[in-house]
Amino acid sequence: MTSNKFNYPDKEGFFGEFGGKFVPETLMYALEELENTYSKLKDDKDFIKEFYSDLSAFVGRPSPLYFAQRLTDKYKSGNIWLKREDLNHTGAHKINNTVGQILLAKHMGKKRIIAETGAGQHGVATATVAARLGLECHIYMGSEDVRRQSLNVYRIKLLGAHVHAVDSGSATLKDALNEAMRDWVSNIDDTYYIIGSVTGPHPYPMIVRDFNSVVGQEVIKQSKDLFNKMPDAIVACVGGGSNAMGIFYPFIEVQETRLIGVEAGGKGVSTGEHAAPLNDGTPGVLHGARSYLMQDEAGQVKDTKSVSAGLDYPGVGPEHSWLKDIGRAEYVAVSDDDALKAFHEVTELEGIMPALETAHAFAYLEPLMKELDSSSNVVINVSGRGDKDINTVAEIDGIEF
Amino acid sequence: MNRLTSTLSNLKANNQKALVAYLVAGDPDMDSTLDLMHLFVESGVDVIEIGVPFTDPIAEGPTIQRAHDRALKNNISLKMILSLVDEFRKSNKETPIVLMGYLNTFISHIDLVQATGKDGIDSILVVDIPGELNLETYGISNPNINTISLISPTTKENRVELIANNSTGFIYYVNLRGVTGSSNLNISEIENNIGRIKKYTDLPTLAGFGIKTTEDAKTLAKFSDGIIIGSSIVEMINEASTTKEFDRIGKYIKDMKIAIS
Ligand SMILES: Cc1ncc(COP(=O)(O)O)c(C=O)c1O
């Protein structure tokens with residue numbers, strides 16, 4: 001499925017010292033089953049054909065690489081290109097992964113689908129593919145996120161899935177993941193768990209990356225067609241890290257391309273109130289993998305803070321931790337305020353309303369473009385569209401409907 | 001010999017079954033936990049299992065999750081738990097103590113785990129790791145402490161042996177596909193699976209998860225080396241969290257002990 005020579009994770013599911021399978025014993029058999037299924041199917045011609053035909057006919061791929069004229073004019077120090085994942089069916093990159101994983105579920109004969117969601121985009125993308133195959137679907141979502149992403153909650157329900165609001169802990173994405181894992185342990189025989197990011201135990205970080213790496217593969221081809229060389233930099237927001245990993249992965253060996261992941265800086269990294277484990281975390285074990293984590297000295301996971309529900313997670317996919325440590329990717333953080341400013345600016349300048357998650361990537365153009373010259377090409381991964389965030393933004397701007 | 005190992009082998013030699021009781025350290029507060037540990041022993045508990053609170057206890061059902069949350073509100077850390085055990089050991093040097101928790105809290109305190117002497121905790125059970133994972137890889141090794149691995153209904157036969165060989169305390173058989181506090185025990189499946197484990201190891205095999213009534217306890221004691229009760233005790237602790245009148249728990253444990261004798 002991927003042409004990359006770059007051969008991680010290893011057999012045990014590690015990217016260097018990150019990753020692995022830290023799960024209760026009951027889940028081991030399900031992970032093994034998934035691993036075996038995936039290793040058989042990933043090189044199977046019929047499977048690949050089915051996946052790519054769904055990506056084209058159902059998702060609408062390939063997504064354009066679009067030249068952002070007015071943003072480019074604003075910075076005057078290089079061409080800015082937008083990889084338009086916001087144009088995908090359901091409005092974000094998340095559907096690339098769910099279209100792939102639902103095929104795995106189908107092959108494994110699973111009748112019941114579960115998923116966690118933060119911003120609700122992964123919940124919508126999962127409910128969508130489950131509806132398409134007529135499978136029972138349960139979405140776990142922190143009650144705080146149910147509130148701030150109410151539009152997506154309703155979409156998920158319209159698609160026939162059940163939404164379970166999770167009140168425990170910080171009532172956000174991490175707690176939704178806890179609850180999804182508990183459901184999985186309890187219904188292991190007939191249930192397939194579609195994890196929504198490059199997180200969780202092996203083989204999930206690998207599988208979710210592979211399904212999303214169609215994005216990076218398209219960018220390689222589109223860059224050749226549109227500006228006849230590889231981009232100087234690719235910028236993507238990082239929550240769990242799936243949109244970033246999907247666009248980074250095919251570029252790991254393309255040394256001339258800088259890979260820049262943007263985490264949620266919340267109120268500012270120095271305040272401790274953020275969701276930026278790669279900027280301000282230490283290695284630890286959460287949700288099945290060892291990776292950078294926001295934790296205290298006692299190993300307790302810290303509460304996170306971000307205006308964007310999809311980035312509001314204390315951990316990060318293990319492959320990002322590894323790319324950080326070997327120095328192949330750079331990870332920076334952008335504050336809530338700067339992300340909101342970018343949200344408005346991009347909407348007004350380009351007629352494209354990005355998701356608040358994506359707005360973090362746009363906000364990093366401000367410092368980045370100062371380092372580049374006018375012949376350079378920068379690609380922003382527009383991971384999703386902002387319709388879902390209208391309530392949040394209106395609330396912040398003091399607008400009532 | 002390790003306190004846990006000798007306790008379990010003495011019980012076996014006398015044809016008796018082990019009663020293991022669980023609580024979460026610091027729920028409702030550390031003084032109560034110490035009182036409860038002594039009450040456990042007076043009422044017939046053979047091994048005390050102390051839950052180390054964690055922010056994200058994915059293997060726990062609502063009852064024990066809430067106990068973790070309450071304990072974390074009291075800022076309970078592994079360091080405080082080890083001090084609590086020291087306090088307990090001032091008057092009890094016999095009853096084995098197992099710490100049950102999540103990998104991240106243990107690897108954050110490897111120094112403390114390594115410094116534990118003979119009269120401290122006796123065993124560690126990490127819930128969120130596969131049974132064959134060797135904790136020494138993560139720096140958790142101490143001659144005074146043994147480790148307990150879990151085997152579940154979904155563990156394939158080829159891994160049972162691997163896991164059994166990796167365990168030094170006892171084998172913890174997880175009775176059901178689910179989290180702590182679930183119900184619906186499938187007795188014949190449990191009997192079959194414990195029988196299968198016994199083909200591979202002489203280590204005691206204890207059954208836990210979902211045990212609530214004296215009938216459950218009596219049935220499971222027939223083919224296991226002992227039983228572990230958690231959620232029902234934690235529930236009773238919570239109900240008495242303001243009055244601190246824990247007599248009901250003592251009675252419950254005594255009934256359980258009679259049921260398995
Ligand atoms: C539009 C959008 N971008 C980014 C993310 C963050 O996820 P990841 O880092 O896995 O791409 C989300 C998550 O919900 C999202 O909806």
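## Ligand shell

Helix H11(A) makes the greatest contribution to the shell around the ligand, with three residues. The model is a predicted one. Helix H5 (121-133), helix H11 (242-248) and helix H15 (356-363) of chain A each provide at least two residues of this shell. Of the 22 residues around the ligand, those that come nearest are A:Gln121, A:Gly239, A:Ser242, A:Gly310 and A:Gly384.

By class, the shell around the ligand comprises 13 polar, seven nonpolar and two charged residues. Domain 1 (14-56 + 94-208) and domain 2 (61-91 + 213-396) of chain A both give residues to the shell, so the ligand lies between them.

## Overall form of chain A

The secondary structure of chain A amounts to 17 helices and 14 strands. The C-alpha trace of chain A spans about 55 × 50 × 45 Å along its principal axes. For 401 residues, a compact globule would have a radius of gyration near 21 Å, and the 19 Å of chain A agrees with this.

The domain assignment divides chain A into domain 1 (14-56 + 94-208) and domain 2 (61-91 + 213-396). The centres of domain 1 and domain 2 of chain A, taken over C-alpha atoms, are separated by 22 Å. In the contact, 39 residues come from domain 1 of chain A and 40 residues from domain 2 of chain A.

On the side of domain 1 of chain A that touches domain 2 of chain A, the elements supplying at least two residues each include S2, helix H2 (45-59), helix H4 (94-107), H5 and H8 of chain A. S2(A) accounts for the largest share of that side, five residues. By class, that side of domain 1 has 16 nonpolar, 18 polar and five charged residues.

## The parallel sheet

Four strands of chain A form an open sheet with parallel pairing, in the order S7-S6-S5-S8. Its edge strands are strand S7 (162-166) and strand S8 (191-193) of chain A, each of which pairs on one side only. From one strand to the next, the twist averages 25 degrees.

Strand S5 (residues 112-117) of chain A runs parallel to S8(A), and three bridges join the two. The bridge partner of A:Arg112 in S8(A) is A:Thr191. Helix H8 (residues 173-186) of chain A packs on the sheet, where it touches S5, strand S6 (136-142), S7 and S8 of chain A; the direction of H8 makes about 160 degrees with that of S5(A).

## The mixed sheet

Six strands of chain A form an open sheet with mixed pairing, in the order S3-S4-S14-S9-S10-S13. S3 and strand S13 (329-335) of chain A stand at the edges with a single partner strand each, so one side of each has no neighbour in the sheet. Direction ignored, neighbouring strands of this sheet are turned by 30 degrees against each other on average.

Strand S9 (residues 233-237) and strand S10 (residues 258-266) of chain A run parallel and are joined by five bridges. Within this pair, A:Ala233 stands opposite A:Arg258 in S10(A). Two helices are described in relation to these strands. Helix H14 (residues 336-350) of chain A lies across S10 and S13 of chain A and runs at about 85 degrees to S13(A). H15(A), which also contributes to the ligand shell, lies across S9, S10, S13 and strand S14 (377-381) of chain A, at about 145 degrees to S9(A).

## Interface with chain B

In the interface, 26 residues of chain A are in contact with 30 residues of chain B. Strand S2 (18-22), helix H1 (25-41), H8 and strand S11 (282-286) of chain A are the elements that give two or more residues to the side of chain A that touches chain B. H8(A) gives the most to that side, with six residues. By class, the side of chain A that touches chain B has 12 nonpolar, nine polar and five charged residues.

## Backbone features

The peptide bond from A:Arg61 to A:Pro62 is cis, with omega near -5 degrees. A:Pro62 is situated in the loop between H2 and strand S3 (65-67) of chain A. In chain B, a cis peptide bond joins B:Asp27 and B:Pro28, with omega about 0 degrees. B:Pro28 is situated in the loop between strand S1 (18-24) and helix H2 (30-43) of chain B.

A:Ala171 is not a glycine, yet has a positive phi of about 55 degrees. The position of A:Ala171 is in the loop between S7 and H8 of chain A.

Key:
Residues are numbered from 1 along each chain as its sequence is written. Chains are lettered from A and ligands numbered from 1 in the order in which they are written. This is a predicted model: local features need pLDDT of at least 70, side-chain atom pairs count only at pLDDT 80 or more; totals for chains, interfaces and linings use all residues. A residue is near a molecule or strand if its C-beta atom, placed from the backbone, lies within 6 Å of it. Ala, Val, Leu, Ile, Met, Phe, Trp, Tyr, Cys and Pro count as nonpolar, Asp, Glu, Lys and Arg as charged, and the others, Gly among them, as polar. Domain bounds come from an automatic or database domain assignment. Two strands pair if DSSP finds at least two bridges between them. Axes are lines fitted to C-alpha atoms, for helices over the stretch in contact, and angles run from 0 to 180 degrees between N-to-C directions. Two residues are in contact if their C-beta atoms, placed from the backbone, lie within 7 Å. The radius of gyration is taken over C-alpha atoms; the globule rule is 2.2 Å times the number of residues to the power 0.38.
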